[in-house]
Amino acid sequence: MFTMLQRSLLILALACVSPSFASDRDTLLDQANLLLLPRERAIPEFELVDQDGQPFTSASLQERWHILFFGFTACPDICPTTLSDMRRLLSQLPADTRERVQLVLLSADPARDTPQQLKTYLSYYRAGFVGVTGDMDQLQKLSKALGLPFVPASETEGDYSVSHSGNLALVAPNGSLRGHIRAPLKLDGLREMLPQVLDKER
């Protein structure tokens with residue numbers, strides 16, 4: 001018969017030599033810089049257009065997983081780095097996983113980022129990425145819902161920049177926000193963990 005002290009020491013010993021699955025999973029998520037929300041979060045209705053001039057709405061986020069981030073085609077550093085990294089990551093995922101994921105660049109600079117400009121810019125990456133632009137109010141509404149802030153440029157003439165988050169939002173096939181991939185991207189961790197997250201939600 002164990003005393004209370006002996007029982008406590010046994011539990012502590014087991015905890016030390018047998019980490020829980022939850023702890024292992026948290027470690028893997030941390031190594032991927034991937035933050036999952038405790039509960040899915042609904043995304044409000046919005047109306048934007050894609051690089052082909054076609055409507056892009058909340059219904060467009062159905063049926064596949066989507067990874068979204070805000071940026072702009074004149075971005076000198078964060079956006080090209082993110083797009084290049086994501087192209088490399090997606091190309092290294094299992095084919096079944098890759099087919100279920102769509103990357104979307106949402107413009108934080110709609111004054112310059114016309115559908116044609118987005119189409120030309122994204123074609124350089126040859127990765128099937130989608131570009132989205134539209135009314136600033138709609139873009140900011142979606143930005144707030146996704147937790148991906150950006151600061152609209154006060155001037156839209158000449159050579160100007162736009163301040164925006166480097167994080168990406170992970171949206172499930174039912175159109176709900178499930179989490180964030182935080183900057184800087186940890187490609188090795190994401191390559192291991194992202195398929196697990198997506199498969200768990202099939």
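What follows is a walk through the salt bridges and then the annotated residues.

Some ground rules. This is a predicted model, where local features need pLDDT of at least 70 and side-chain atom pairs count only at pLDDT 80 or more, while totals for chains, interfaces and linings use all residues. Residues are numbered from 1 along each chain as its sequence is written, and side-chain values use heavy atoms, with hydrogens and water left out.

Side chains of opposite charge can pair when their charged atoms come close. A salt bridge here is a side-chain nitrogen of Lys or Arg within 4 Å of a carboxyl oxygen of Asp or Glu. That rule gives six salt bridges.

Take Glu40 and Arg178, whose closest N and O atoms are 2.7 Å apart in a salt bridge. Glu40 is in strand β1 (residues 34-41) and Arg178 in strand β10 (residues 177-181), so the pair ties together parts 138 residues apart in sequence. Helices (H or I, at least four residues) and strands (E, at least two) are DSSP runs, numbered from the N terminus. Are these two residues buried or exposed? Buried means under 20% relative accessible area, exposed over 50%, and partly exposed in between, with a 1.4 Å probe and protein chains only. Glu40, at 45%, is partly exposed, and Arg178, at 15%, is buried.

Next, Lys119 forms a salt bridge with Asp52, with 2.9 Å between the closest N and O atoms. Lys119 belongs to helix α5 (residues 115-123) and Asp52 to the loop between β2 (47-50) and β3 (55-57), so this pair ties together parts 67 residues apart in sequence.

Arg191 and Asp188 also meet in a salt bridge, at 2.7 Å from N to O. Both lie in helix α7 (residues 187-200), three residues apart, about one turn of the helix.

Now the annotated site. An unreviewed UniProt entry marks Cys75, Cys79 and His164 as "binding site"; positions are in the numbering used here, feature names are shortened, and annotations may be inferred rather than shown by experiment. The three span 90 residues in sequence, yet no two of their C-alpha atoms are more than 10.0 Å apart, so they gather at one spot.

Cys79 sits in helix α3 (residues 78-92) and is buried, at 0% relative accessibility. His164, in strand β8 (residues 163-164), is buried as well, at 11%.
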